[in-house]
Amino acid sequence: MSKKRSIEEINEKIRNGKAVVLTAEQVSAMGKEMTPAEMMSRVDVVTTATFGPMCSSGAFINFGHTTPPMRMEKLTLNNVPAYGGVAAVDTYIGATETAMPHDNYGGAHVIEDLIAGKDVLLQASAKGTDCYPRTEIKTLINKSTINEFIMFNPRNAYQNYNVAVNSTSKIKFTYMGTLLPAFGNANFSTSGELSPLLNDPEMRTIGIGTRIFIGGTTGYVAWNGTQFNTGKPLNDHGIPVGNAATLAVIGDAKQMNTQFIKAAYFEKYGVSMFVGIGIPIPVVDEDMARRVSIRNSQIETNVIDYGSGNFELLGRTNYKFLFSGEITLNGKKIRTAPLSSVKVAREIADILKKEITEGRFILTEPVALLPKTKGLNKLEVRI
Amino acid sequence: MTSKRFVLTFPPDATGEPITYNLIKKFDIMVNIVKADVSPGKIGHLVMEMSAPAKVLKEGLEYIRQKNVECEPIDKKIHYREDLCIHCGACSAVCFAGALTMGRKTAELSFDPDKCVVCELCLKSCPLNLFSIDIG
């Protein structure tokens, strides 16, 4: 019978400074020569990470009350609109929000500025009520003046993602970066064998309540992410091909570091935010040992035409080719480029490794598992 | 033999003297024009690679400057704020000239200005807006 080890046993080793922690890249290299049983006997925890543009991100802020108080209805932060449809001095600022359609400063920049400790201009208006008589405010806030600054990202850490190419004769500016005409380049955006959900494809250890690294501090998996999809076909290595599972994550933005949260602007698309996420994976049995040893050559994804507007599936490739700088599509060689930073993802995986090795980061059992089966609805235009 | 890319900036009243022709004919400098934007009455720019023995190249540059034409190595004109770079690789996607490349092992961006053809696509492709070009 194959061996098992509980997360509590692993935590005991972590507390005693005896846990063996490796990054997913280190384990992928080991996996070439070792059986899952050997891997399991040598490794307790594997750290995974990603640092890519993740549009479905944002933060809740509570400003504190003025005297007399105000129920803010329309509000902006550095002129970027923030949501006024929650309680009096609560808001949600979305990463992609901008004042005007083509602005290159948006919600992600506001969030980064606040994390950096900068002052941000708050302007709000309200109709005024008996209990909240104030109707206007213009003031400066920063992360030490506000009560809460909670990053809550509804969809991060995509398990796999499309490769984008452009079949047309015109240059295209997309959220997958600039796509040169006539298949001039192929852009991709995951950290491959280092990416969290590719190392636990069935989400056996990553679930609701999992403690993670987010933006330079400790956070948690809050829920399945939006557009969570278990319906993608699996390849021979149990990896879903194409965009699949996602995570909703939460963390205290006051404790974050701008090294791991970066506002971004994609030409003609708009604002997004690079989010740094690291997730430790406990090697609880041989199946997990096999999963975490997944290599770039075993992780496949779809090549999609982002130029024509109908997102046609053109082929399939793997991350070994993508990271080599060139893929072949229908006999044609295409230069590749990443959009997510493997360099910063490696830094995150190393930080997490150090924190666990030194007993400062204890692993968690999921409070509940993520959905086993969940598909995607299409939006029908019904009127 | 030294090979280097330069940006020549012509004043609006530049004389009709054929500078490029003279560089080739009189100095025997191998000239490869990468980009040209020169019109009468306007400030003009010429991006070109010049190859010659170091001494000859120096004489050629002196000649250009004597003609009241500004001449700067390309890396003085293209600014990349490397300290702020997150090495995402988005700029390398558009750099068909191969000046911006990702290290296969290091996953770090490297920039070789002497391969730059000043297409300016990286300016729009960097999500952090870290490139600027001081031409025109």
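A residue is termed buried if 20 or more other C-beta atoms lie within 10 Å of its own, exposed if 12 or fewer do, and partly exposed in between, with C-beta atoms placed from the backbone. A nonpolar core is a set of buried Ala, Val, Leu, Ile, Met, Phe, Trp, Tyr and Cys residues joined through C-beta atoms within 7 Å. The structure is a predicted model, in which local features need pLDDT of at least 70 and side-chain atom pairs count only at pLDDT 80 or more, while totals for chains, interfaces and linings use all residues. Residues are numbered from 1 along each chain as its sequence is written, and chains are lettered from A and ligands numbered from 1 in the order in which they are written.

The largest nonpolar core has 143 residues, and the members that touch the most others are A:Ile111 and A:Met273. Contact between two residues means that their C-beta atoms, placed from the backbone, lie within 7 Å. With neighbours within four places in sequence left aside, the contacts of A:Met273 include A:Pro53, A:Met54, A:Ala95, A:Ile261 and also A:Ile111.

Helices (H or I, at least four residues) and strands (E, at least two) are DSSP runs, numbered from the N terminus. Helix α8 of chain A covers residues 342–357. The expected span of a helix is 1.5 Å times one less than its number of residues. For the 16 residues of α8(A) this gives 22 Å, which agrees with the 22 Å between the end C-alpha atoms. Among the buried residues of α8(A) are A:Val344, A:Ile348, A:Leu352 and A:Ile356, together with the charged A:Lys343, A:Arg346 and A:Lys353. A:Gly359, which follows α8(A), has a positive phi near 80°.

Most residues other than glycine have a negative phi, and most peptide bonds are trans. A:Phe183, in the loop between β12 (177–179) and β13 (186–188) of chain A, has a positive phi of about 55°. A:Phe183 is buried because it has 22 C-beta neighbours inside 10 Å. B:Asp28 also has a positive phi, near 60°, and lies in the loop between α1 (19–25) and β2 of chain B. With 11 C-beta neighbours inside 10 Å, B:Asp28 counts as exposed. A cis peptide bond, with omega about -10°, joins A:Thr67 and A:Pro68; A:Pro68 is in the loop between β3 (58–62) and β4 (74–77) of chain A.

Chain B is divided into domain 1 (2–74) and domain 2 (78–133), with bounds that come from an automatic or database domain assignment. The C-alpha centres of these two domains of chain B lie 26 Å apart.

Between the chains, 19 residues of chain B are in contact with 24 residues of chain A. On the chain B side, α3 (90–94) and α4 (121–125) each supply at least two residues, and the largest share, four residues, comes from α3(B). By class, this side of chain B has eleven nonpolar, five polar and three charged residues.
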